[in-house]
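User: I am new to this structure and would like to learn how to read it. Can we go through its features one at a time?

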Amino acid sequence: MQVPGDWSAVLGEEFSKADWRELQDYLQKERQDHTVYPPEDQVFKAFRLTAFADTKVVILGQDPYHQAGQAQGLAFSVPEGVRIPPSLRKIHQELCSDLDAERPTHGNLESWARQGVLLLNATLTVRDSDPNQHHGQGWERFTDRVISVVNDKPTPVVFMLWGGSARAKKELIDTGRHCVIEAAHPAARANARDPFLGSRPFSRANRFLEDTGQVPINWTSACRPTDAAGS
């Protein structure tokens with residue numbers, strides 16, 4: 001299992017390391033003994049839809065949704081037609097408030113990914129109905145490396161760090177060059193001292209992209225059906 005496209009050039013050495021082989025052995029046994037999400041052919045979907053060269057925003061999640069039909073290899077995203085999970089409903093709520101947008105009718109965020117938004121989970125697989133089960137098995141070392149190579153891009157990048165585990169990755173980021181937007185995790189209980197709602201991440205990200213001479217993200221593309229959003 002190897003990342004697609006230009007990611008293989010910047011991450012290729014990771015796949016020859018002993019800890020990567022150990023992770024693959026673990027996942028092979030997990031898939032033999034349990035149901036694992038997302039399907040194997042979707043584990044690296046975020047890298048397939050967002051090339052390394054095109055990455056200008058990173059949204060960091062924790063691990064994939066752990067119920068059938070939800071996880072599709074993109075952090076916070078679910079296929080169109082699947083019930084929108086609570087964390088994504090709150091993201092939609094903030095999107096509407098921040099950009100005065102209409103509420104999305106589906107949870108597929110592929111339109112963001114195709115514009116250069118890397119929807120990355122810290123752990124890329126999960127056991128059915130058992131969140132966090134694959135934490136500590138090696139994915140975090142790999143995704144830390146992903147963050148590090150994005151940090152090394154010469155073009156400034158926006159990193160959205162939502163929640164404690166995402167914020168812990170801040171030490172991997174050159175905050176003098178890149179934009180780091182921190183907030184509570186969308187799934188967290190409301191906290192007046194550390195809110196997600198009202199953090200305005202989408203307008204802040206676009207302001208930074210424009211200030212650094214980059215094309216902003218059309219965040220409201222997620223409000224339309226996927227066929228229309230991609231047209």
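Predicted model: local features only at pLDDT ≥ 70, side-chain atom pairs only at ≥ 80, totals over all residues.

User: How many cavities of 30 Å³ or more does the structure hold?

Analyst: The structure has one of that size.

User: Which residues line the largest cavity?

Analyst: The lining consists of Val43, Ala46, Phe47, Pro64, Gly73, Leu74, Ala75, Leu119, Leu120, Asn121 and Leu124. Two elements, α3 (45-49) and β3, each give two or more residues to this lining. The largest share comes from β3, with three residues.

User: How does the lining of the largest cavity divide by class?

Analyst: Nine residues are nonpolar, two are polar and none is charged.

User: Now the largest pocket. What is its volume?

Analyst: The volume of the largest pocket is about 460 Å³. Its lining has 26 residues. Asp63, Pro64, Tyr65, Ser87 and His185 are the ones nearest the centre of the pocket.

User: Which helix gives the largest share of the lining of the largest pocket?

Analyst: That is helix α4 (residues 86-99), with three residues. By class, the pocket lining has eleven nonpolar, twelve polar and three charged residues.

User: Next, the sheet. How should I think about strands that pair?

Analyst: Strands of a sheet pair through backbone hydrogen bonds, and the pairing is either parallel or antiparallel. Now the case here. Four strands form an open sheet in the order β3-β2-β5-β6, and their pairing is parallel. At the edges are β3 (117-121) and β6 (179-183), each of which pairs on one side only. Neighbouring strands of this sheet are turned against each other by 15 degrees on average, with direction ignored.

User: How many bridges link β2 and β3?

Analyst: Strand β2 (residues 57-61) pairs with β3 over five bridges, in the parallel sense. To find a landmark there, look at Gly61, which stands opposite Asn121 in β3.

User: Which helix lies across β2, β3 and β5?

Analyst: Helix α6 (residues 139-151) does, and β5 spans 158-162. The helix runs at about 155 degrees to β3.

User: How do I read the packing of two helices?

Analyst: Look at how close the axes come, then at the angle. Take helix α2 (residues 18-33) and α6: their axes come within 9 Å and cross at roughly 130 degrees. The two helices are therefore oblique to each other. On the α2 side, the contact is made by Asp19, Trp20, Leu23 and Leu27; on the α6 side, by Trp139, Arg141 and Phe142. The residues of this contact are five nonpolar, no polar and two charged.

User: What is the angle between α4 and α8?

Analyst: The angle is about 60 degrees, and the axes of α4 and helix α8 (residues 201-211) are 8 Å apart. That angle makes α4 oblique to α8. From α4, the residues that meet α8 are Ile91, Glu94, Leu95, Asp98 and Leu99. Their partners in α8 are Pro201, Phe202 and Ser203. This contact has five nonpolar, one polar and two charged residues.

User: Last, the backbone. Which residues are joined by a cis peptide bond?

Analyst: Tyr37 and Pro38 are, with omega about -10 degrees. Look for Pro38 in the loop between β1 (36-37) and α3.

User: Which residue has a positive phi although it is not a glycine?

Analyst: Asn132, with phi at about 75 degrees. Asn132 sits in the loop between β4 (126-127) and α6.

Terms used:
Residues numbered from 1 in each chain as written. Heavy atoms only, no water. Pairing = 2+ DSSP bridges. Axes fitted to C-alpha atoms, helices over the stretch in contact; angles between N-to-C directions. Contact = heavy atoms within 4.5 Å. 1 Å grid on protein atoms, 1.4 Å probe; cavity = no way out; pocket = protein on both sides within 12 Å on 5 of 7 lines; lining within 4 Å. Points joined across faces, edges and corners; volume = space filled by probe spheres on them. Nonpolar A, V, L, I, M, F, W, Y, C, P; charged D, E, K, R; others polar. Parallel < 35°, antiparallel > 145°, perpendicular 65-115°, else oblique.
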